[in-house]
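Here are my notes on the model you sent.

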Amino acid sequence: MNGKEAGQSMVLIIGMIAIALLAISVVFAATAVNIQARKLLSVADGAVAAAAYNFELDASGKDVPTLHLQPTEVRHATEKYLADINADSGFANLQIIGAGVESDSVTAHVRLGAVVHPPIIGWVVPSGISIHVDAYARTLLSR
């Protein structure tokens, strides 16, 4: 081994350690974003389930009564649910992107959004990563 080759393996080891640490931090950040998205989906599921209970029963002379959801009631129930569970404390910039009723008039739809600030590599995306989730719930009448 001559003098020119001395220390070459040290540069290679330092480079490999840097790449490994970068890969670990990216996986860690992706996992954090995924966990926050799943938490937000859980909140959206609760909100849409609460909204689906705000139905109107129409039994005006028909053989079979029917249920109807109103978009304003779905949004109001979603806002109330989020306030009741203090959802703002668990998410940055939590917002209701959409809350309404599907065309069948018995399916409620809620879309929530939030921002996740991933650990370790948060300086790469200082404004955070935007996440959005959709949840649906159907109100059914059975005997």
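**Notes on G113 and its surroundings**

1. Setting aside neighbours within four places in sequence, G113 touches L40, N93, L94, Q95, I97, I131 and H132. Please keep in mind that this is a predicted model.

2. G113 belongs to strand β4, which covers residues 107–116. Is G113 buried or exposed? Its relative accessible area is 1%, and the cut-off for buried is under 20%, so G113 counts as buried.

3. Which strands pair with β4? One is β3, residues 92–101, which runs antiparallel to β4 and is joined to it over seven bridges. Within this pairing, A99 has V110 of β4 as its bridge partner. Of the contacts of G113, N93, L94, Q95 and I97 fall within the residue range of β3.

4. Strands β3 and β4 form a hairpin with five residues between the strands. In that hairpin S105 adopts a positive phi, near 65°.

5. The other pairing is with β5, residues 129–138, again in the antiparallel sense and over 10 bridges. A114 stands opposite I131 of β5. I131 is also one of the contacts of G113, as is H132.

6. Not every residue is at hand for G113: the C-alpha atom of I24, 89 residues away along the chain, lies 27 Å from that of G113.

7. Turning to the overall fold, the protein has two helices and five strands, in the order α-β-β-α-β-β-β along the sequence. Its radius of gyration is 25 Å, whereas the globule rule gives 15 Å for 143 residues; the protein is therefore more spread out than a compact globule. Along the principal axes, the C-alpha trace spans about 100 × 25 × 20 Å.

8. Of the 143 residues in the protein, 30% are buried. Among contacts between residues at least 6 apart in sequence, 56% link residues at least 24 apart.

Note on methods:
Residues are numbered from 1 along each chain as its sequence is written. This is a predicted model: local features need pLDDT of at least 70, side-chain atom pairs count only at pLDDT 80 or more; totals for chains, interfaces and linings use all residues. Side-chain values use heavy atoms; hydrogens and water are left out. Helices (H or I, at least four residues) and strands (E, at least two) are DSSP runs, numbered from the N terminus. The radius of gyration is taken over C-alpha atoms; the globule rule is 2.2 Å times the number of residues to the power 0.38. Buried means under 20% relative accessible area, exposed over 50%, partly exposed in between (1.4 Å probe, protein chains only). Contact means heavy atoms within 4.5 Å. Two strands pair if DSSP finds at least two bridges between them.
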